[in-house]
Amino acid sequence: MSYTLINPHLHTDTIVAVATASGTGAIAVIRLSGPEAITLTNSVFKGKDLSLQASHTIHFGTIRDEGKIVDEVLVSLFVAPHSYTKENVVEISCHGSDFIVQQIVKLLLKKGARLANAGEFTKRAFLNGQFDLAQAEAVADLIASDSALSHEVAMKQMRGGFSQEIKRLRAELVHFASMIELELDFGEEDVEFADRDQLRSLILNIQQIIRELLKSFELGNVIKNGVPTVIVGKPNAGKSTLLNKLLNEEKAIVSDVPGTTRDFIEDEINMGGVTFRFIDTAGLRETTDKVEAIGVERTMQKLSQSSLIIYLFDITDTTPEELQSELEVLNPKKLPFLPVANKIDQATPEKLASFAGIDGLVQISAAEGAHMEDLKQALVDKVNLGKLNTQQQTIVTNLRHVDSLNKTYEALDDVLNGVALGMSGDLVAADIRRALYSLGEITGEITTDDLLDNIFTKFCIGK
């Protein structure tokens, strides 16, 4: 049985890489892609003749180096174009010893394969038309997903949800661009094939969609990268105790001595499908201790970098008026702020009641673990995911896509201005082409080698 590579963009060389994480495990997977993937594997495989086997089949045998058995393996075949890369692909499942993996890879290199670059399997899949560039980037997001929501959004984008939206907008613009280009061919006859009112209506509609997509990035970034959440407050408010309780481990040192935390401590947990990156900081107070003063300065720096602030205070020695004053000083940028009263187990009922008028206040006892679920729910609510419908809503998670959408919006603004001023068709067409170019960058209809290298070198090797 012979294999014919039918795609003209397929590469002539065959690449190999370890597709599983490094380190000893039960099994490891070595992946090959290219015209000689099956032939090269067949030359070191003792079992069925792989060149005679059908696609999507698995075969048991041994890998041998000049007759010496290296390992017993399972070989999976994916015959072009029915594979991830649309090339011949082989996946060798061997035992997870680093020594065995290295021996098999060296053997395949000796037979004529070359080591794959980072992301080269997915890059070949893109170049061979398996999916567009936005979908390829979603593959990396799917691998990196660490929450239910990030997985769901990446899966939708990988299956073409975002791409379809962009392609639909681009198709509508292409129609009007072609009509205006046609007008230029009849310039002397003063004809108008592209109705300017319809064009204006289309542009306004596309801009509205782009605004919604850009607005979704705020949520998309949260879903993809997590929420930097800073825990601030005075010394001994219980910040380290709260962090330990949230993480369910003794991450931070807890002491009755004020100023114990002198630097920030970071860790993350997933709540409500969202990853929160919690940062415990040095207590905010005037201090003559140079080391503690540096910690306080770093706390202020972390505040400016955060997306959500937990202001934790000891309810037993704070008044509502003091709290309001401290919140106003700490949050000039109007970031999402959650006031949290700690040590309620030590407070009188009258003291607890005095804070009833504080908007959004959560009352807890970090040491006792009281009302921690209320706090977690309040944090999730602050991220404002309640309106999110990942099944229907297109969500932008990639900064490169945001940049291209902004450029598209600006070009469309120029189209509207050109139409309003009665500019000639060639100038209007030039601005439409600029918008089309920016949209095409998202899906990969417009690419450069530098752009592709920048995207795919961020992938892991073997993907």
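User: Which strand is Ile58 found in?
Analyst: Ile58 is in strand 4, residues 57–65. Strands here are DSSP runs of E with at least two residues, helices are runs of H or I with at least four, and both are numbered from the N terminus. This is a predicted model: local features need pLDDT of at least 70, side-chain atom pairs count only at pLDDT 80 or more, and totals for chains, interfaces and linings use all residues. Residues are numbered from 1 along each chain as its sequence is written, and side-chain values use heavy atoms, with hydrogens and water left out.

User: Is Ile58 buried or exposed?
Analyst: Ile58 counts as exposed because its relative accessibility is 58%. Buried means under 20% relative accessible area, exposed means over 50%, and partly exposed is in between (1.4 Å probe, protein chains only).

User: And Gly61, buried or exposed?
Analyst: Gly61 lies in strand 4 too, but Gly61 is buried, at a relative accessible area of 4%.

User: What is Gly61 in contact with, apart from its neighbours within four places in sequence?
Analyst: Phe45, Lys46, Asp71, Glu72 and Val73. Contact means heavy atoms within 4.5 Å.

User: What holds paired strands together in general?
Analyst: Strands of a sheet pair through backbone hydrogen bonds, either parallel or antiparallel.

User: How many bridges are there between strand 3 and strand 4?
Analyst: Two, in the antiparallel sense. Phe45 stands opposite Ile63 in strand 4.

User: How many bridges join strand 2 to strand 6?
Analyst: Eight, and these strands run antiparallel. In that pair, Arg31 is opposite Glu91 in strand 6. Strand 2 also pairs with strand 1 (residues 15–18), antiparallel over four bridges, and there Ala17 stands opposite Arg31.

User: What about the hairpin of strand 1 and strand 2: which residue takes a positive phi?
Analyst: Gly23, with phi near 110°; the hairpin has six residues between the strands.

User: Which residues are buried in helix 1?
Analyst: Ala37, Ile38, Leu40, Thr41 and Val44 are buried in helix 1, residues 37–44. They are on the same side of helix 1 because they cover an arc of only 165° around the axis. The arc is that of the directions from the helix axis to the C-beta atoms.

User: What do the buried residues of helix 1 pack against?
Analyst: Several elements, including strand 2 (25–33), strand 5 (68–78), strand 6 (89–96) and helix 2 (98–110).

User: Now the loops. Where is Pro81?
Analyst: Pro81 is in the loop between strand 5 and strand 6. The peptide bond from Ala80 to Pro81 is cis, with omega near 5°.

User: And what is phi of His56?
Analyst: Phi of His56 is near 60°, a positive value in a residue other than glycine. His56 sits in the loop between strand 3 and strand 4 and is exposed, with a relative accessible area of 52%.

How values were computed. Two strands pair if DSSP finds at least two bridges between them.
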